Amino acid sequence: MPAGKKISRIGIGYDIHRLRKGRRLVLGGVTIPHPRGLDGHSDADVICHAVADSLLGAAGLGDIGLHFPDTDRRYRGVSSLKLLSEVAGLLKKKKASIINIDAVLIAEKPKVAPYASPMRKNIGRALGIPPGRVSVKATTNEGLGPVGRSQGMAALAVSLVETKE
Ligand code: MG
């Protein structure tokens with residue numbers, strides 16, 4: 001391949017967190033009124049975590065656990081939008097630019113559609129890309145398995161980035 005030619009690289013991310021009473025529910029950086037929230041070291045924003053992992057994967061930079069270990073006190077209770085900003089910085093260092101992101105939340109409740117637009121704006125702002133490059137959607141697990149029993153929420157994301165190789 002000739003030097004300086006741009007190549008596209010795809011990455012996938014997956015995350016799951018348990019639901020727990022007494023926690024705020026934060027998804028895509030939006031606090032959503034809900035009887036329970038996701039449990040975790042940070043704000044447990046499962047959408048942002050899946051997006052972060054997909055971006056790191058696309059850029060060949062490892063995963064979220066490598067860069068933001070849950071043993072690191074700096075990340076306790078932190079907004080996952082901040083993690084996304086740091087991921088954007090890592091990609092920038094590698095001269096990788098984000099083409100687009102597609103994320104899907106898997107949860108029985110709540111309905112995400114009313115919050116999709118602010119989530120896309122939050123994620124776009126944190127990454128320094130227009131919200132039009134970020135897609136956030138949701139599906140239920142049809143009552144099946146732990147997610148179907150509302151014991152937790154999961155998210156998947158894919159990202160496409162462009163790098164000079
Ligand atoms: Mg997580």
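Student: What is the relative accessibility of Lys137?
Tutor: Lys137 counts as partly exposed. Buried means under 20% relative accessible area, exposed over 50%, and partly exposed lies in between (1.4 Å probe, protein chains only). The model is predicted: local features need pLDDT of at least 70, side-chain atom pairs count only at pLDDT 80 or more, and totals for chains, interfaces and linings use all residues. For Lys137 the value is 38%.

Student: Which side chain meets that of Lys137 in a salt bridge?
Tutor: Residues are numbered from 1 along each chain as its sequence is written, and side-chain values use heavy atoms, without hydrogens or water. A salt bridge puts a side-chain nitrogen of Lys or Arg within 4 Å of a carboxyl oxygen of Asp or Glu. Here the N to O distance is 2.8 Å. The partner of Lys137 is Asp102.

Student: How many residues apart in sequence are the parts tied together by Lys137 and Asp102?
Tutor: Helices (H or I, at least four residues) and strands (E, at least two) are DSSP runs, numbered from the N terminus. Lys137 sits in strand β6 (residues 134-139), and Asp102 sits in strand β5 (residues 96-106). The pair therefore ties together parts separated in sequence by 35 residues.

Student: How many salt bridges does the structure hold?
Tutor: One of them joins Arg20 and Asp39, at 3.2 Å from N to O. Arg20 is in strand β1 and Asp39 in the loop between β4 (36-38) and α1, so this pair ties together parts 19 residues apart in sequence. Another is formed by Lys82 and Glu86. In total, the structure holds four.

Student: Which helix holds Lys82 and Glu86?
Tutor: Their closest N and O atoms are 2.7 Å apart. Both residues are partly exposed, Lys82 at 43% and Glu86 at 26%. They lie four residues apart, or about one helical turn, in helix α3.

Student: How far does α3 reach from its first C-alpha to its last?
Tutor: α3 has 14 residues. The expected span of a helix is 1.5 Å times one less than its number of residues. For α3 that expectation is 20 Å, and the reach is close to it. From first to last C-alpha, α3 reaches 20 Å.

Student: Within what arc do the buried residues of α3 fall?
Tutor: Ser80, Leu81, Leu83, Leu84, Val87, Ala88 and Leu91 are buried in α3. Seen down the axis, they line one face of the helix, because their arc is limited. That arc is taken over the directions from the helix axis to the C-beta atoms. The buried residues fall within 150°.

Student: Which exposed residues does the face of α3 turned away from its buried side carry?
Tutor: The buried residues of α3 are covered by elements including α1, α2 (64-67), β5, α4 (113-127) and β7 (152-164). The face turned away from the buried side carries exposed residues. They are Lys92 and Lys93.

Student: Which residues are the protein donors of the magnesium ion?
Tutor: Donors are N, O and S atoms within 2.8 Å of the metal (3.2 Å for Na, K and Ca); water is not among the atoms, so sites may look incomplete. The protein donors here lie 2.1 to 2.2 Å from the magnesium ion. They are Asp15 (OD), His17 (NE2) and His49 (ND1).

Student: How many residues apart are His17 and His49?
Tutor: Along the chain, the donors follow the spacing D-x1-H-x31-H. The two histidines link distant parts of the chain: His17 is in strand β1 (residues 6-21), and His49 is in helix α1 (residues 46-58). Their separation is 32 residues.

Student: What is the relative accessible area of Ser54?
Tutor: Ser54 is found in helix α1. Contact means heavy atoms within 4.5 Å, and beyond four places in sequence Ser54 touches Gly11, Ile12, Gly13, Ala157, Val158 and Ser159. Ser54 is buried, with an area of 0%.

Student: How far apart in space are Ala50 and Val158, C-alpha to C-alpha?
Tutor: Ala50 is in helix α1 and is buried at 0% relative accessible area. In sequence, Ala50 and Val158 are 108 residues apart. In space, their C-alpha atoms are separated by 8.3 Å.
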